[in-house]
Amino acid sequence: MLRSASALGLGLAIGLTAAGSAQAFPDKPITLLIPYPPGGSADLLARPIAAQMQKTIKQPVVLEYRPGAGGTIATAQLARAKPDGYTVLMVLAAHAINPSMYKSLPYDTEKDFAPVSVLATLPMLVAAAKQTPVNTTQELIDYARANPDKLTFASAGNGNTSHLAAELFKSATHTKMIHVPYKGSGPAVVAMLSGEVSLMFDSISTSLPHVKAGKLKGIAVTGSKRSAVLPDVPTVAESGVPGFEVNGWYGILAPAGTPDSVIRDLNKAFNDAARTPAVSKQLTQYGYEIEGSTPGAFSSLIATEIKKWKTAVDQSGARIE
């Protein structure tokens, strides 16, 4: 009888220890990989969301910047990460462009990742340096046609949305301009401010403060409608290039194989943070439109975008070996 009671006591002790060791997710810091340098549109979105999110999950959310190669360096790092939810990645629309832009990638875009949420969308802005002798889309077209390859356009990297949007514009308007890639939107905007490059198809968030300060020219926005933060700047489509539309999006990915329960927890944590009134207000002032989708909706968006951008890349002729 004593032996049975002892065994029972030992079993209860083991059970309680096991229950005590099963911690709820997350029980340690989460690393959020950012595929571009500080100062760009991904950084502007990530910082307030991460700051708010760590208040609710009671764990640090550490931003780790891994710029380069159109976002593929950070994406490859995520593909190699342990699928436990403690390493995630903010991806941009370039994630769906890269399979068509690059001859090969160190990961499978559709199989190596678990979508978490589309956090926000953002139109692009055609911004120009003060020295650039154009003020409207039509003037840009006319000048580029009269002076082939005299204008230079910056991008946040080869294969980035800012690169391909300009390539689509060149194709649609039969113009020639020289591409100058940088490692992120931040450095590219600095180059434009200094007059090192003529213009850029930039995420509206990073060029907006400089346009409002009169340091850059706002030529046009690439969305289907004018932006609420720059209502006097027309769209490219209404400025003589019918049908032209490019919008950026920002989402969170985890490695493939991450448990569904962890994906749900991450989805709620990121979406709740983005929708917090103070965070949402701050981001909409930069032109972001908060989404906060389901994992399934993000998965569908990626599949649709891969097909769309393949067509666009094929039409533009842009490729990266």
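**Questions on a predicted model**

Me: How many helices and strands does the protein chain have?
Reply: Both kinds of element are DSSP runs numbered from the N terminus: helices are H or I with at least four residues, and strands are E with at least two. On that basis, the protein chain has 11 helices and 10 strands.

Me: Which residues does Ile-263 touch, not counting residues up to four places away in sequence?
Reply: Ile-263 is placed in helix α9, residues 260–275. A contact means heavy atoms within 4.5 Å. The residues touched are Ala-114, Pro-115, Val-116, Ala-254, Thr-258 and Pro-295.

Me: How are helix α2 and helix α10 oriented, roughly parallel or roughly antiparallel?
Reply: Axes are lines fitted to C-alpha atoms, for helices over the stretch in contact, and angles run from 0 to 180 degrees between N-to-C directions. The axes of α2 (residues 41–57) and α10 (residues 277–284) come within 10 Å and cross at roughly 175°. Angles under 35 degrees count as roughly parallel, over 145 as roughly antiparallel, 65 to 115 as roughly perpendicular and the rest as oblique. The crossing angle therefore makes α2 and α10 roughly antiparallel.

Me: Which residues of α10 make the contact with α2?
Reply: On the side of α2, the contact involves Leu-44, Leu-45, Pro-48, Ile-49 and Gln-52. Their partners in α10 are Val-279, Gln-282 and Leu-283.

Me: Which elements do the buried residues of α4 pack against?
Reply: Helix α4 (residues 94–101) is mostly covered, with 7 of its 8 residues buried. Among them are His-95, Ile-97 and Met-101. Their packing partners are α3 (72–80), β3 (87–92), β4 (113–129), α6 (161–173), β9 (247–255) and α11 (295–316).

Me: Which residue just after α7 takes a positive phi?
Reply: In helix α7 (residues 185–193), the buried residues include Ala-188, Val-189 and Met-192. They pack against elements including α2, β4 and β7 (199–203). Just after this helix, a positive phi of about 85° is taken by Gly-195.

Me: What is the omega of the peptide bond from Phe-25 to Pro-26?
Reply: Most residues other than glycine have a negative phi, and most peptide bonds are trans. Pro-26 lies in the loop between α1 (2–21) and β1 (30–34). The bond from Phe-25 to Pro-26 is cis, with omega near -5°.

Me: What is the phi of His-174?
Reply: His-174 sits in the loop between α6 and β6 (178–181). At 65% relative accessibility, His-174 counts as exposed. Although His-174 is a residue other than glycine, its phi is positive, near 55°.

Note on methods: Residues are numbered from 1 along each chain as its sequence is written. This is a predicted model: local features need pLDDT of at least 70, side-chain atom pairs count only at pLDDT 80 or more; totals for chains, interfaces and linings use all residues. Side-chain values use heavy atoms; hydrogens and water are left out. Buried means under 20% relative accessible area, exposed over 50%, partly exposed in between (1.4 Å probe, protein chains only).
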